[in-house]
Amino acid sequence: MTELTVYQPDLLYTKGRFQEGHSLCVSAEGLILHEGPVPAGARTVRLPGRALLPGLVNGHSHAFQRLIRGRTEYVAAGREADDFWSWREAMYRAAEALGPDDVYVASRQAFVEMALAGITTVGEFHYLHHQADGTPYADRNTLAHAVIRAARDVGLRICLLRVGYARAGFQVPENPRQRRFIDKDVDAFVASAESLARETKGDALVNVGLAPHSVRAVPREWLTALASAPARNMPVHMHVAEQPKEIEACLAENGLRPVALLADVGLLGPGFTAVHGVHLSSAEVTLLGMAKATVCACPSTERNLGDGIVPADALVSAGARISLGSDSQATVDLLDEARQLEGHLRLARLRRAVLDPGRGEMSGLAARLLDMATVEGAHSLGLPTGRLEPGAPADFFTVDLNHPSLLGASPESMLAAIVLGAEKGAVREVAVAGRLVVRDGRHAMAEESGRAFQGLSRTLYA
């Protein structure tokens, strides 16, 4: 950008509500400037019939898993049922087959779909590191760079959450299907993450976090080391309590449930994100709340895999933060993740508006869910985005106020109509650091990406 740009929608969401007649003034560096009159000489982008909102933050993604969408929705011959563990074996087929160019193609397609859904930032939980036989690439971050390149080519902001993986599980034999994930020790894991952070330091749209995969995949010794590692200024994400078997194994190995173990080694805190957090005891909910930690819920995946329901109401009451992620890319629609989070709780609690903050406002529930999809996700990834306020990056999306899914909404009900009812096709413009990456519902790379992805899929599943 070489000049000031002023975006003028009909409605601008700022300070917790929609404002009419307000503009978003963006600096040449892609930052939001203070409110006021349009500066002389600024480029004006009029957005009639649009509502403009902060860009959505996808807190947890495995981009390459876009390849398996629709390919695991059956019970395999010889099995009585399907679950997370059988799904995981099907997922490994894709994980074993991809080279660097394939990882780029698969990731790019997932990221294009995210951009079209209003997502401006992705937290990519990246655990494909090595060649198919487990041999490290000459550059140990080759595949991470492929994922980052895909995000940047699409125009997204990315936090690459570099995963550490030590083993198949407690007293579980080595699984050759996981050899692409394994680091030789915790120092190698941290060194790879720190190296990646140095290599990407010059790009303002890229940051790096640490992601010990789970208590299944890393032992207590790794967690203890990470709690005191110099790289602890990075965000830390970890799969936590997604499956009952994980809890059983953690009790057998450590005599503690997963969250209690994390508290015991000193990993819990405001910079820690527990992904899923489905099977939590009341004591674990309290620990997460006391630590001001984040729980990243991924309702579409948790539903797809039969994981269970995140107790988001209890977590919020305890003081924990909630963010949202698309995880396995079963669908890519972060506002729908917010709806599913609330909807699952309604089914479990047998009442409506479970996450409503109780202020008697029509927009109260919608505002809380939108914060989870923006502010809380940004906090989880250690980023300054998520809000449209002076000094923040100009990451935003717009919706078409005349889209059929929004017709009839009043100014008072508009936020709830968007968050709880807008179809993904209502998203029309998407900007990252003030630069439009989606215009009138179209991404310039969509056609090229789709062709390449289609070819990869046909080759992989020939």
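This is a predicted model: local features need pLDDT of at least 70, side-chain atom pairs count only at pLDDT 80 or more; totals for chains, interfaces and linings use all residues.

**The aromatic cluster and its setting**

Reply: The chain exposes about 18100 Å², and carbon and sulfur atoms supply 50% of that area.

The setting may be described before the detail. The chain has 15 helices and 15 strands. Its radius of gyration is 21 Å, close to the 23 Å that the globule rule gives for 462 residues, so the chain is as compact as a globular protein of that length. Along the principal axes, the C-alpha atoms fill a box of roughly 65 × 50 × 50 Å. Of the 462 residues, 58% count as buried. Among contacts with a separation of 6 or more, residues 24 or more positions apart account for 75%. As for charge, the mean positions of the 47 positive and 53 negative charges are 1 Å apart.

Turning to the aromatic residues, the count comes to 9 aromatic pairs. One of them joins Phe64 and Tyr127: the ring centres are 5.8 Å apart and the planes stand at 80°, so the pair is edge-to-face, the angle being over the 60 degrees required for that class. Phe64 lies in the loop between strand 5 (56–61) and helix 1 (84–97), whereas Tyr127 lies in the loop between strand 6 (119–126) and helix 3 (142–154); the pair therefore ties together parts that are 63 residues apart in sequence. Both Phe64 and Tyr127 are buried. These two residues also belong to one aromatic cluster, which is formed by Phe64, Tyr92, Tyr127, Tyr165 and Phe181.

Helix 14 spans residues 414–421 and is mostly covered, with 6 of its 8 residues buried. The buried residues are Met414, Leu415, Ala416, Ala417, Ile418 and Val419. They pack against several elements, including strand 1 (5–14), strand 2 (17–20) and strand 4 (43–54). Helix 11 (334–349), helix 12 (364–373) and strand 13 (396–400) are also among the elements against which the buried residues of helix 14 pack.

Strand 2 also supplies a contrasting residue. Glu20 is found in strand 2 and is exposed, with a relative accessible area of 62%. Leaving aside neighbours within four places in sequence, Glu20 is in contact with Asp10 and Leu11. Between Glu20 and Ala51 the C-alpha to C-alpha distance is 9.4 Å, although the two are 31 residues apart in sequence.

Conventions
Residues are numbered from 1 along each chain as its sequence is written. Side-chain values use heavy atoms; hydrogens and water are left out. Helices (H or I, at least four residues) and strands (E, at least two) are DSSP runs, numbered from the N terminus. The radius of gyration is taken over C-alpha atoms; the globule rule is 2.2 Å times the number of residues to the power 0.38. Buried means under 20% relative accessible area, exposed over 50%, partly exposed in between (1.4 Å probe, protein chains only). Contact means heavy atoms within 4.5 Å. Accessible areas come from the Shrake-Rupley method with a 1.4 Å probe; for residues, only the protein chains shown count as cover. Lys and Arg count as positive and Asp and Glu as negative; His and the chain ends are not counted. The place of a charge is taken as NZ of Lys, CZ of Arg, CG of Asp or CD of Glu. Rings of Phe, Tyr and Trp (its six-membered ring) pair if their centres lie within 6.5 Å; planes under 30 degrees apart count as stacked, over 60 as edge-to-face and the rest as tilted.
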